[in-house]
Amino acid sequence: MKLISFFAKQVTNRDFNPKRVQKTCLQYLFQCKLHIYGSRIILFLLCLFAFISLGIYQGTQMYLKQMEEDPFSSAITLQVGMHYSYNKLSIIKERFRFNKETQDIEINPKSDAIPIINEILPYNENYLFFIDKNCKLLLGEEFNVVSFKLDCFNNNNWLKKYLSSGSFFSDYDNDNTSDSKIIVSKMLYQKMGFTDLKKIPNNPIFFSKADLVDERKGDMKSPLTDMEKKIFVHNLDLINISDRLPFDSIISEQMYYLLFNYESKYYKPCKTFELFYIYFNGQKIEQKILKDWANKYFGYSHDLVPLDNGVKIRLKQTDHEMAKRCNIIKWFQELSNTYKFLTLDLSKSDEPNQIPDDIDYSYSFLFLNSEPVIIDNIEIISRKLKRTLGCFIDDSQPITLKKLRKNSKMLKKLSIIVVSSILISLLFYIFMTFSLFIQTRIHMIGMMKSMGAKSRSIKWIYIYESLKLISPSIIIASIIAVAIQENNYLLMTDIVYLFDYLSWFICVMIILLTTCLGAWLAGRHVVSRSPYELLSYHI
Amino acid sequence: MKNYIFKIDKIKKTVSRKKKSVTRIFENINIPRNQLTLVKGNTGIGKTTLINLLGLMDEVTCDKDDDILFFPNSRKEAISYKSIPSKKIESIRQQYFGFMFQDDHLIDSWSGWENVILPELIRHPFMSPSLAHKTAEALIRECNFEDMLEDGMMHSSPATFSGGQRQRLALIRALIHSPLVLFVDEPFSSIQIDMAEEILKVLYQKSKEGMTVIMVIHDIHDSLFENNLFDVNIIDLNGIKIIRQ
């Protein structure tokens with residue numbers, strides 16, 4: 001080992017930078033340098049492929065782990081088509097079981113069957129739309145809001161924990177009931193200017209985007225007119241929170257009803273109505289005029305009931321545009337322009353709604369049991385649920401999870417094969433290169449041995465040289481492997497990449513050991529021969 | 001007995017080529033200490049084989065009665081080649097022997113200086129290269145090879161040297177670590193007679209200073225010794241037993 005310290009450096013320095021005898025630089029490059037540069041490029045490519053293969057494997061494993069931990073990755077989404085109640089979905093959750101033996105779903109099965117649905121989370125999707133403080137500007141952004149009942153996961157820590165990690169709970173209106181919590185992201189909460197968790201905005205105005213779009217026929221940029229203010233604003237104070245609410249906020253069920261149903265506190269301008277009244281205020285008007293007006297705007301899907309001092313109009317199809325408050329007010333203004341004594345009364349049917357015990361939802365997440373036997377049979381489960389519930393089912397997430405699990409196993413095998421192949425190639429390359437290299441140095445080795453250089457020391461020289469040869473390749477390949485991660489070069493592809501320093505370190509150690517082994521194997525045979533044999537050797 | 005540095009009662013060396021083998025039996029050869037010994041004989045008689053065996057350059061296989069005794073010091077016991085552990089062979093070579101080959105075996109990708117200091121660095125791995133340079137330079141001057149120090153010649157590759165310069169460089173390399181025994185294998189085969197004389201003078205001088213020099217030489221260079229300037233010991237191998245099978 002003593003020999004390594006200086007003597008090895010002396011030898012390797014000249015092996016890498018031989019004394020120039022050649023007449024031209026190009027000749028020197030081709031004879032003395034090209035094989036070193038070429039070897040370094042080949043080794044660099046091998047190392048880079050090894051690091052990237054490892055990164056892709058690590059990335060896929062990380063992605064799979066994230067997917068496994070995320071309950072939504074094994075969730076089926078029930079979409080619009082019918083309304084679900086929490087109670088109805090709870091029954092399905094309890095009854096649906098998967099029988100391993102028959103590989104089929106059983107309803108009300110025996111105890112040994114596996115539960116299919118872990119949890120259910122029914123929800124609604126709404127849009128929030130905002131107006132500025134001076135009631136002049138309709139702010140152009142809409143906000144997708146998911147609402148659901150917090151009771152659904154109050155007893156399920158795993159879901160609560162998952163939601164907590166991506167969102168932020170805050171008490172709303174000092175109400176301690178579970179329904180009165182608002183879930184928003186922490187960033188959103190801070191953007192809205194809240195520092196005190198108990199503090200809430202006094203009177204934010206929320207109304208549906210669709211109402212304004214209908215009213216304005218697509219022009220959403222010009223300031224609100226007086227009429228629009230009257231219809232949509234009703235002189236309530238407004239606060240400008242247009243830039244404070246990001247997309248995909250999650251609010252509680254209670255918040256949803258506060259925003260959309262409680263007119264006493266928060267105005268919902270275009271709520272649909274079943275009936276309204278028109279009063280004559282002591283004047284007279286022909287019944288036919290009112291009949292024609294009602295037919296014009298409400299078609300024949302209404303009943304006009306004469307009263308002592310007016311009429312009661314009951315709409316039969318309340319889900320149409322004509323049943324919306326904004327439209328009723330607008331169309332009534334045409335009538336009142338001619339007959340100014342007429343007044344419209346929406347109040348009798350516009351009482352604040354009470355929150356029903358079991359609310360209907362348009363959407364629901366069914367969090368499936370993520371055991372392989374369930375996820376592997378996702379197609380059977382989807383078909384059965386579709387038949388039972390009669391609605392559109394989006395099972396893309398569990399199918400993705402199933403594919404990912406399958407691909408992960410395949411990728412693991414593939415990565416092992418690729419990395420092993422690279423290491424074997426590396427071993428062979430180093431062995432072959434050094435075998436050839438040592439053949440050209442055989443007289444030198446013989447001469448060194450005649451001077452008393454130890455065989456072990458000579459082997460170490462070539463191991464040292466192999467490390468010197470591969471080191472720049474490893475460094476450059478490592479820099480590129482990190483750069484791929486830092487700059488997301490693979491972001492545009494479907495490849496998930498993760499540069500894990502521990503795996504990289506282990507891989508580098510294996511590469512270095514393989515390199516040393518290759519050089520040792522190449523040197524071993526030569527240095528064991530006698531100096532005379534080496535000196536008299538001729539190619 | 002201890003005036004000899006090597007004592008061979010009997011040693012065999014068999015060289016096999018295809019189905020034939022040639023066995024040379026060296027018997028009763030004693031090499032005196034601190035002298036210039038010439039090993040002479042016809043071509044193929046086994047001169048190089050003998051010095052390779054003595055210098056542990058080739059594998060020594062000894063039968064019952066075979067052995068080579070090496071006396072590194074007149075006061076110490078002999079080293080029996082029959083019983084040297086294989087790991088110690090390298091140490092003995094490093095500690096006691098120096099070689100000058102028929103082909104100079106200089107490394108053309110190294111500079112002249114790097115070539116000559118190599119044995120010194122092998123023997124003393126922690127020696128500063130500048131110190132080894134100084135030793136080499138002093139040796140070059142001692143041998144009257146000052147012309148090698150001119151024009152930065154020693155900084156260039158030996159590939160640019162003449163045959164005589166290369167052989168002189170090989171001589172300096174063989175002497176730099178002051179070996180106890182210097183084995184010289186036909187050093188004059190490719191150089192002019194005046195250059196050969198120059199080298200011979202150096203070798204003779206070194207033998208006078210206490211180094212044992214064993215040199216293989218051909219009859220064609222007998223003229224170098226005709227004027228009896230050099231007091232040499234001669235071993236003639238022409239009478240050795242050769243068994244061909």
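**Exercise 1. Which residues of strand β11 (residues 275–279) of chain A lie on the covered face, and which on the uncovered one?**

This is a predicted model: local features need pLDDT of at least 70, side-chain atom pairs count only at pLDDT 80 or more, and totals for chains, interfaces and linings use all residues. Residues are numbered from 1 along each chain as its sequence is written, while chains are lettered from A and ligands numbered from 1 in the order in which they are written.

Step 1. Locate the strand. Strands (E, at least two residues) and helices (H or I, at least four) are DSSP runs, numbered from the N terminus.

Step 2. Recall the pattern. In a regular strand, side chains alternate between the two faces of the sheet.

Step 3. Assign the faces. A:Phe276 and A:Ile278 are on the covered face. A:Leu275, A:Tyr277 and A:Tyr279 are on the uncovered face.

**Exercise 2. Find the strands that pair with β11(A).**

Step 1. Apply the rule. Two strands pair if DSSP finds at least two bridges between them.

Step 2. Take β13 (residues 310–315) of chain A. It runs antiparallel to β11(A), joined by five bridges. Here A:Phe276 has A:Ile313 as its bridge partner.

Step 3. Take β14 (residues 343–345) of chain A. Three bridges link it to β11(A), again in the antiparallel sense. A:Tyr277 is bridged to A:Asp345.

**Exercise 3. Is A:Leu43 buried or exposed, and what does A:Leu43 contact?**

Step 1. A:Leu43 sits in helix α2 (residues 25–69) of chain A.

Step 2. Count neighbours. A residue is buried if 20 or more other C-beta atoms lie within 10 Å of its own, exposed if 12 or fewer, and partly exposed in between; C-beta atoms are placed from the backbone. A:Leu43 is buried because 26 other C-beta atoms lie within 10 Å.

Step 3. List contacts. Two residues are in contact if their C-beta atoms, placed from the backbone, lie within 7 Å. Leaving aside neighbours within four places in sequence, A:Leu43 contacts A:Leu469, A:Ile470 and A:Ser473.

Step 4. Check the chain separation. A:Pro472 is 429 residues away along the chain, yet its C-alpha atom is 9.3 Å from that of A:Leu43.

**Exercise 4. Describe the side of chain A that touches chain B.**

Step 1. Count both sides. Chain A supplies 24 residues and chain B 27 residues.

Step 2. Find the main contributor. α1(A) gives the most to the chain A side, seven residues.

Step 3. Sort by type. Ala, Val, Leu, Ile, Met, Phe, Trp, Tyr, Cys and Pro count as nonpolar, Asp, Glu, Lys and Arg as charged, and the others, Gly among them, as polar. The chain A side has 13 nonpolar, seven polar and four charged residues.
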